[in-house]
Amino acid sequence: MHLPTQPCFSPTPASSDPLEGDRLALFRIMGDAFLEAQQRAGGSIDYDYRIADSIVRLSFAGESLVPRMTRAFAHLAVPRTAAPDLMICLWDSASTGRPLPLLVSSLVRLLKMTWLDDRGIRGEIFDYNSQRIRAALHGHGSDMLSLLDFEDRKGVYWVANAPGIPWYETGAPLRTLLYWWFSHRGRHMVHGGAIGANSGGLLLGGKGSSGKSTTALASLASSLLYAGDDYALVTIDPEPFVHSLYNTAKVKAEADLKRFPWMASRICNAERIGAEGEKPMMFLHEYQPEKISAGFPLKAVVLPRYIPENRKCKVIPVAPESAFKAIAQSTITQLTGAGGESLQAMSRLVHRLPCYLVGLGQDLEEIPAVMLELLARH
C-alpha cells in the first residue's frame, strides 16, 4: 500500500469551444470527488503496469476495487515508477462513503432516461466527448462512469458498488479507458487473442464463440506462448506487433470445461457460472505465469472456426477482406467510441499479413501443431 501525495486535477482553462469548459469541469468535479474518497478510505493503493509502450498506474481509493480490477493485469506489473504515462483513479461510493457529486448524479439520472438520445449504444456521452475529453456511462442500467483527459494524462473510473461490477468487467477491466488512451497513441485494441513465440505469433480473430479461446487454451500444451484470448493491442507500424492486455482465459459454458478439465479447479467464478450469462473464467497468470508473453511480432492472422463434423483441422488461405470483416465486426460492437480510425487500422493490418481460416476439428490436441506449422511458413 502506498500513500502518495494527492494527484492534482488541473483547473478549467479558457477555450474557444464554450462546451469544452463544461467537459473539463465534469472531469475536475469527478477528480475532486476521488480525492475526497481517497481521504475517507485512508489513502490510496497504487499499482503500476507496463502495457505496450505505456506505464499505466491504477490508483485506488481504498481496497474494495483492488481484487476486482488488478488480477487481469498481474502479468504486466512493474515496480512503481516516478512518472506514469497514464494514471487512472478508481473509486466506489459504497466502500468510501463518497457519493457521486450532485451535478454528476443528476447527469447520470438524465442519461438513463434519454438513453440513445444523449448516449451511444456503447455508453459514450455525446456532448462530453471532444479531442481532449472522453466520457462514458456504461450499460443501460449500470452505474459505471469512465472519464479521460488526454492532456493531463489522467482517467477516472467510478462505480456505485464494487461487488456490483459485472463479471466481464473484472475479466477485461478498464477496457474503455485503455481503448481511448492507446488509440490516441497509435495502438489499436482488437477483439481477438494471440499465441506465438518471442520471434513471432498469430492474431486470433472472429466473433465470440468462434474458437479463439479454444485455440489459445489448446496451445498451452505446446511451446506456444499466450498473449490473450479475447482482447489484445496491436501496433501496425513499422511492423505488426501484438501486445498482451489481459491474462484472463474464458470458455463459452460449463460444458466446455470437459474439453479443458484442468481449468475446472481454477475457475474464479465457479459459483456463478450460468447466472446472468457468466462464462467460466480464470486468470492464467496465477497458475501458468511462464506461458504468458507480453507480446511478439505478428506473422499471420488466423480465423478459428469450430466445425463439429471436421475430424481434422483444415487450413484455408482467405482474402484480407474476409479477415477484416471477421475482426472488425466484433471489435466495433464492443469498444466505446470505436469508428473510422479503428476500421482503417484493422484494414491496414489484414493487408499487411497473410490470413487463414482454420476449421477446428474434434481433436483439440492437433491444434498446437497446426498453429506451429502456420508460424513455420512465415
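Modeller: The account below begins with one residue and then turns to the whole chain. This is a predicted model, in which local features need pLDDT of at least 70 and side-chain atom pairs count only at pLDDT 80 or more, while totals for chains, interfaces and linings use all residues. Residues are numbered from 1 along each chain as its sequence is written, and side-chain values use heavy atoms, with hydrogens and water left out.

Ala-194 lies in strand β8, which covers residues 188-197; strands (E, at least two residues) and helices (H or I, at least four) are DSSP runs numbered from the N terminus. Ala-194 has a relative accessible area of 0% and is therefore buried, a word that means under 20% relative accessible area, with exposed over 50% and partly exposed in between (1.4 Å probe, protein chains only). Leaving aside residues up to four places away in sequence, Ala-194 touches Leu-202, Leu-204, Leu-225, Tyr-226, Ala-227, Gly-228, Val-242 and Phe-296, where contact means heavy atoms within 4.5 Å. Ala-25, by comparison, is 169 residues from Ala-194 in sequence and 40 Å from it in space, C-alpha to C-alpha.

As for the setting, the protein chain contains 10 helices and 17 strands. Of its 378 residues, 57% count as buried. Among contacts between residues at least 6 apart in sequence, 70% join residues at least 24 apart. Along its principal axes, the C-alpha trace spans about 60 × 45 × 40 Å.
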